[in-house]
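Here are my notes on the model you sent. Please read them with the structure open.

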Amino acid sequence: MPYCIGLTGGIGSGKSSAATIFSELGTEIIDTDEISHALTQAGGEAMPSIVAAFGPEVVADDGSLDRAAMRKLVFSNPEHRRRLEGILHPLIGKETRSRFSRSEAPYVILVVPLLLEAGGYRDLVRRTLVIDCDESQQIRRATQRNGLSEATVKAVMTAQLPRQQRLSLADDIIRNDGDIAELREQVIALHQQYQSYSEIKAGGGDKSDLGSPV
Ligand code: ADP
């Protein structure tokens, strides 16, 4: 089994951007958001249960999940949120574990936005990498990226761990306050580190052999 790095961070912090750079360096990425999107495309495995639970109002014309409609429902009502998670999480977990166990990569980056909040994947994740930037930048990037309102982004942030708490749980931190080149430099340094970890693991060691993290 590959050495597993859990990559997380708040909305707009730069998780996808960091994962893309890891991927360009040849790292295998398992992205739970991407799996979630696939499950909620037209004909996706989660759609029948979602329609049964929430009705046809949450289905877009093309048969995929209407994300804006669903987001509204979920943020206005915690019960809806739990119900949606009850449908999606087991399916995402099943697909994630299946991809992980099939992987022949030395190490895998597992992208999980709520890794620390939900406490999932503890059995897989050997190190936690947090992508961090200050909150005003998070809001700016998240609103610019997909046209979400500032209020929506703030509502998402409220459902996520406060920044300091997230940082206190990290093994590794990438500060994404600069430009993409600075992000890339930090990813390259960690990639080298993670490759050496997976070599130690291949030699039969575990996290206790790693010495102090950078
Ligand atoms: P997340 O996956 O954590 O929600 P993204 O990686 O999608 O965040 O980044 C949010 C937005 O900010 C994207 O439009 C992305 O291109 C942009 N972005 C991320 N990091 C940087 C950076 N260092 N410099 C400029 N833009 C960035």
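1. Start of α2. A side-chain oxygen of Asp31 comes to within 2.8 Å of the backbone nitrogen of Asp33, at the start of helix α2. That is a polar contact: a pair of N or O atoms within 3.5 Å, where within protein one must be able to donate a hydrogen and the other to accept it, and residues adjacent in sequence count only if both atoms are side-chain atoms. Helices (H or I, at least four residues) and strands (E, at least two) are DSSP runs, numbered from the N terminus.

2. Ground rules. This is a predicted model, where local features need pLDDT of at least 70, side-chain atom pairs count only at pLDDT 80 or more, and totals for chains, interfaces and linings use all residues. Residues are numbered from 1 along each chain as its sequence is written, and side-chain values use heavy atoms, with hydrogens and water left out.

3. Which residues of α2 (residues 32–39) are buried? They are Thr32, Ile35, Ser36 and Leu39. Buried means under 20% relative accessible area, exposed over 50%, partly exposed in between (1.4 Å probe, protein chains only). Seen down the axis of α2, these buried residues fall within an arc of 100°, so they line one face of the helix. The arc is that of the directions from the helix axis to the C-beta atoms. An α-helix has 3.6 residues a turn, so residues three or four places apart point the same way.

4. Asn176. This residue sits in the loop between β5 (172–175) and α10 (180–202). Asn176 counts as buried, at 5% relative accessibility. Beyond its neighbours within four places in sequence, Asn176 is in contact (heavy atoms within 4.5 Å) with residues including Ser13, Gly14, Asp132, Arg141 and Leu183.

5. Tyr121. Check the backbone here. Phi of Tyr121 is near 60°, a positive value in a residue other than glycine. Tyr121 lies in the loop between α6 (115–118) and β4 (127–132). Its relative accessible area is 13%, so Tyr121 is buried.

6. The whole chain. The protein chain has 10 helices and 5 strands. Buried residues make up 43% of its 214 residues. Of the contacts with a separation of 6 or more, 73% join residues 24 or more positions apart. The C-alpha trace spans about 50 × 40 × 30 Å along its principal axes.
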